[in-house]
Amino acid sequence: MRMAGSVALESSNMLHSSRDDKLPVVNNFMDAGHEPGKGLYFADGKRKVDYVLVYQYRRPSSLHESPGQHRLSVISNGSFPRVGSKEPEGVKEEHAEVVLDMGPADPAEGEKIMIREEFEANLREAGLEMERDNEHKVHGQGFIRVHAPWQVLSREAEFLKIKVPTKKSYEMKEDKGLSATMSTVWRKLNQPFQPNIPHLQQQSRTKFLSHSFSRDKLHLYNIESKDTFFDNATRSRIVYEILRRTACTRTCQTMGITTLIAKGVYDSAFPLHDGDFKDSGHSEGKNDRQLLHDEWARYGAIFKYQPLDLIRNYFGEKIGLYFAWLGVYTHLLALASLVGIIVFLYGCFTIDSNIPSLEMCDETQNFTMCPLCDRACDYWHLSTACGTARASHLFDNPATVFFAIFMSLWAVMFLEHWKRRQNSLNYSWNMTGMEEEEEHPRPKYETLLLQKRQRKRRNRKKNKSEPGDEKLTWRDRLPGYFINISSILLMFGVTFAAVFGVIMYRITVSALLAMSQDPQIKSNARVTVTATAVIINLVVILILDEIYGSVAVWLTELEIPKTETNFEERLILKAFLLKFMNAYAPIFYVAFFKGRFAGRPGDYVYIFNDYRMEECAPGGCLIELCIQLSIIMLGKQLIQNNVFEIAIPKLKKLFRSLKEKKRAPEERVEQTGRALRQWHLDNNLEPFDGLTPEYMEMIIQFGFVSLFVASFPLAPLFALLNNIIEIRLDAKKFVTELRRPDAVRAKDIGIWYNILSGLGKFSVIINAFVISFTSDFIPRLVYQYMYSETGTMHGFIDHTLSYFNVSHFKAGTAPALSAVTVCRYKDYREPPWSSEPYQFSRQYWAVLAARLAFVILFQNLVMFMGVLVAWVIPDVPKNISEQLKREKTLLVDVFMNEEKEKLQLIQSLFSKEATQTRQQQSPLSQLAQDASEPQLPLPHLAQTDDPVAAGATIPLTARSRTRPRAASFSQFTRQGSTSPRSEAGRHTAV
């Protein structure tokens, strides 16, 4: 093969002062005919690509010269001609094109090059090996592949205290009797629903002990191959930890890859996927990404359990815990859905025997109701609201109270079950006893801290004061806190203004429809207004949700959190607060405020002196609350959670493809002729933005399921159907559409558990108020046991309606040309002929007292039962706690046996040395006396590298007095790991 060379000459002063060992380059693409996506190794095909750094480069000008004029020539295989060495013969024969780079025209671009050079040099000093692309175009993207050798992996694994399995194992206790039989039957029933994962299907009773990795105890671990001992996720996490803590002190005073990405030095940094996700055709050779796609991310696998262990191995513990939590939540929704369906069917079966709705539908009762609006509306009969009354019974019946209590206990049971599941996963994933890792500062915090240090340094020069430990205080964050508080209050005002605007829409449209001459429009006016208003609410909620998400990020940046964990927690709290208010403000209005402040006939409350406040339907506000909740919940799930997650990635992919078509024709021809490597394919995917959006969707849904479930028993069913699809959507997104995230260790779901716990407690209070104040459950009980003569519900409708004398209407508000003298309205007030007309009656105060008593009783009862359920269900399963104790005992035994072996080795060395000394001293006593005197080693022996030969110059008695030291396996294995390698820190060339 003929070698073609190219010489890169740097004419700028900055690049003249750089190191002589310029970074070797490799070709950017594979040769035609190679299988795409197989670029998982360096060009030598042995070293694995653990991480990829992407940057932009630009070369504004170039000159063509003859080769051999500069000592920094790079030939095609990446070797460097040394000073005084001859060039390869192939290069001498072939005058290849030589590019003379005149240096970057933009000073900022030159600064980025210097920063990259220093950062990459520090990475090489940390032991990482790198391979980079040939910058063969004037401008484009460069890729740097990073590989961590065994020395680096073992060192960092010890620092990070990564737990790995040891050779020591034990047999787990087998179930006996009835429990064993039930477990066997359950496994057989579940077998068709288990994912087909070959290396995870082998269920063995043998458990290997795990211990934090230590280079001094390599003999304890089953290391078959150093290249595969650490999985890909662990390797990438180790490399990311090095990237995150490596500093650039000479050029930019920053630390970590995140800061360099924020400054534009690098575009991105990510670990590689394990090849293509498409099936290669043979199951034995499937990589983990293909297994996840076939057994998890397809809709065909919708009936299978999630392969949580494989998810954790591929994406890390943090993402694995999210999908485990989502699976537990979805499984328990099945139970809540079943009970909700039973409650709904109970309402359907008892609708024809419900006495209050039958009385409302009875036209012989002839309840003449007061007008629903001023002037334009006429008197109407209560029997026309028969359909609303019958529909209200579906959700407002005695079973609803039971369902509210059940769902409050279900929320507690869900949280307790999740804690057990979380602890089980921590045990199986070797996360027990994990310590919190120290986090590095965020880029913005580091930048502001540097600016503050520079200001103080200038002040110290002027005042000559002693330096101190600078850090950002509350004074530095005070402007951000002030903007945060004012902005959040402003967002609350926007939310309330949107709700108020919808209220005005309902009032005006109701009045307009009431003035219509079409009787059909008049009869359906309430349903039409309610449905259209809820749709408007839904659109406003979706728009404000997107705005509030961006506002929450901006506000959190203003607070200048120090670490990513602090940033994430503050962002979650702000986003949840804003989105909670946005999603639930319309529902809270219908549940607790609508109709409460409307007034009474003759004394209505008006908005802007013209618009009368709206009232609840004759059947109560619960049916409107049900409509509001169902449309908003289903709309958010269908549009925001599913359509957005499907449509937006498709649009982004289409945009990228259109952008690719607009590139230069020669670039397109070049890429079509050559297959892209895996790092090119992954770079075209969307970056991973965290789990906050995924959790937020489910938390808002959990609020719909738990807070107002008394008004909509079918909410758990719709949530269950959504989550079954949501799991596969998220799985497909993670496997096929996103870059591989960094494997982050986590032992819990963090602040989300506290939010769930708070929502569970808040749901008890909300459901208590919904049952007592929004529904008619309490008024029916009070009437049946206090005012009913027969002890039944007959006469309940007449009991809840008050009388009004139409002559008491204000001028211009009563309907014209009507013979009605008295109308009815729903309230507990004195009749016009009493001594205190239109004042609250004794029935009103009795019902109010019963409602408040029910709230207190319901809240305390459910809270007590929740505490009881939490106490009954232990956080850690019994078998897990027993195994933890057993493993701790076995590990102590392993270390004690190791110490005993060391002591035996020391004793044997002592006895052997003493025996040799006695044998040698008897015939050679005179020689020993001469050897005890100081001697100089012979010249020819002093230069030897043989330790045995070198030891020959040591006096015999000195060697006999040397105290033997215990040897371990690590002393022999670490000698090779600590020896310097001439090529370990250099970039690989091809």
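A disulfide is counted here as a pair of cysteine sulfur atoms within 2.5 Å. Going through the whole of this predicted model with that cut-off turns up four disulfides. Numbering the bonded cysteines along the chain, they pair up as 1-5, 2-8, 3-4, 6-7.

Take Cys361 and Cys386 to begin with. Their sulfur atoms sit 1.8 Å apart, so the pair falls within the 2.5 Å cut-off and goes down as a disulfide. Cys361 belongs to helix H12, which covers residues 355-361, while Cys386 belongs to helix H13, which covers residues 386-395; the bond therefore ties together parts that are 25 residues apart in sequence. Looking along the S-S bond, the torsion comes out at 90°, and the link of Cys361 and Cys386 is right-handed. As for solvent, Cys361 has a relative accessibility of 23%, so this cysteine counts as partly exposed.

Next up is the disulfide that joins Cys370 to Cys823, with an S to S distance of 1.9 Å. This pair links distant parts of the chain, 453 residues apart. Cys370 is found in the loop between strand S13 (368-369) and strand S14 (380-381), whereas Cys823 is part of strand S20, residues 822-826. The torsion about the S-S bond of Cys370 and Cys823 is about 80°, which makes this disulfide right-handed. Both ends are tucked away from solvent: Cys370 is buried because its relative accessibility is 5%, and Cys823 is buried with a relative accessible area of 0%.

Cys373 and Cys377 are both buried.

Cys348 has a relative accessibility of 30%, so it counts as partly exposed. Cys626, on the other hand, is buried, at a relative accessible area of 5%.

Definitions and conventions: Residues numbered from 1 in each chain as written. Predicted model: local features only at pLDDT ≥ 70, side-chain atom pairs only at ≥ 80, totals over all residues. Heavy atoms only, no water. Helix = DSSP H or I, 4+ residues; strand = E, 2+ residues; numbered from the N terminus. Buried < 20%, exposed > 50% of the residue type's maximum accessible area, 1.4 Å probe, protein only.
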